[in-house]
Amino acid sequence: MSHLHLSFYSAFILSSLGLAFHRTHLISALLCLESMMLSMYVALAMWPIQMQSPSSTIIPIIMLTFSACEAGTGLALLVASTRTHGSDYLHNFNLLRC
């Protein structure tokens, strides 16, 4: 395994561990999700270079588009939940209550 692959895998694993263990604020969960998407984007963008493929793929651009949509939706949920609940603590949110 090369150092490049090790860095992508470790970035993804560290961000998923951060999402699993540090879920106190909604903004920290959103940042962990964004770092996961960023590491996946860089890995997919470097994949044709590693395979020495002459053609570039459109998959990283599509994934970056979905990542931007996810970030916008996450920030909208952050603003809406902060306005209704007063903070972004995840333990204050009750999904069964409307």
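1. I58, I59, I61, I62 and F66 make up a nonpolar surface patch whose accessible area together is about 510 Å². Patches consist of residues with over 30% relative accessible area and no salt bridge, with like charges joined within 9 Å and nonpolar side chains (Val, Leu, Ile, Met, Phe, Trp, Tyr) within 5 Å. A salt bridge here is a side-chain nitrogen of Lys or Arg within 4 Å of a carboxyl oxygen of Asp or Glu. Accessible areas are from the Shrake-Rupley method with a 1.4 Å probe, and for residues only the protein chains shown count as cover.

2. The model is predicted: local features need pLDDT of at least 70, side-chain atom pairs count only at pLDDT 80 or more, and totals for chains, interfaces and linings use all residues. Residues are numbered from 1 along each chain as its sequence is written, and side-chain values use heavy atoms, with hydrogens and water left out.

3. F66, one of the patch residues, sits in helix α3, residues 59-85. Helices (H or I, at least four residues) and strands (E, at least two) are DSSP runs, numbered from the N terminus. Why is F66 called exposed? Its relative accessible area is 57%, and exposed means over 50%, buried under 20%, and partly exposed in between (1.4 Å probe, protein chains only).

4. S67 also belongs to helix α3. Is S67 buried or exposed? S67 is buried, because its relative accessible area is 8%. Apart from neighbours within four places in sequence, S67 is in contact (heavy atoms within 4.5 Å) with E34 and M37.

5. The UniProt record, an unreviewed entry, lists residues 6-22, 29-49 and 61-80 under "transmembrane region". UniProt positions are in the numbering used here, feature names are shortened, and annotations may be inferred rather than shown by experiment. In the model, residues 6-22 are 94% helix and 0% strand, with the end C-alpha atoms 23 Å apart. Residues 61-80 are 100% helix and 0% strand, and there the end C-alpha atoms are 29 Å apart.

6. D88 lies in the segment that follows α3. D88 counts as buried because its relative accessible area is 16%. Which side chain does the side chain of D88 meet in a polar contact? The partner is the side chain of H25, at 3.0 Å. A polar contact is a pair of N or O atoms within 3.5 Å; within protein, one must be able to donate a hydrogen and the other to accept it, and residues adjacent in sequence count only if both atoms are side-chain atoms. With neighbours within four places in sequence set aside, D88 is in contact with T24, H25, L26, I27, L78, T82 and F93.

7. H25 is placed in the loop between α1 (3-21) and α2 (26-50). With a relative accessible area of 27%, H25 is partly exposed. Not counting residues up to four places away in sequence, H25 touches D88, Y89 and L90. H25 and L78 are 53 residues apart in sequence, and their C-alpha atoms are 9.8 Å apart.

8. T24 is in the loop between α1 and α2 and is partly exposed, at 45% relative accessibility. T24 touches D88, Y89 and L90, leaving out residues up to four places away in sequence. From T24 to N92 the separation is 68 residues in sequence and 9.7 Å in space, C-alpha to C-alpha.

9. G18 is in helix α1 and counts as buried, at 13% relative accessibility. G18 and H85 are 67 residues apart in sequence, with 24 Å between their C-alpha atoms.
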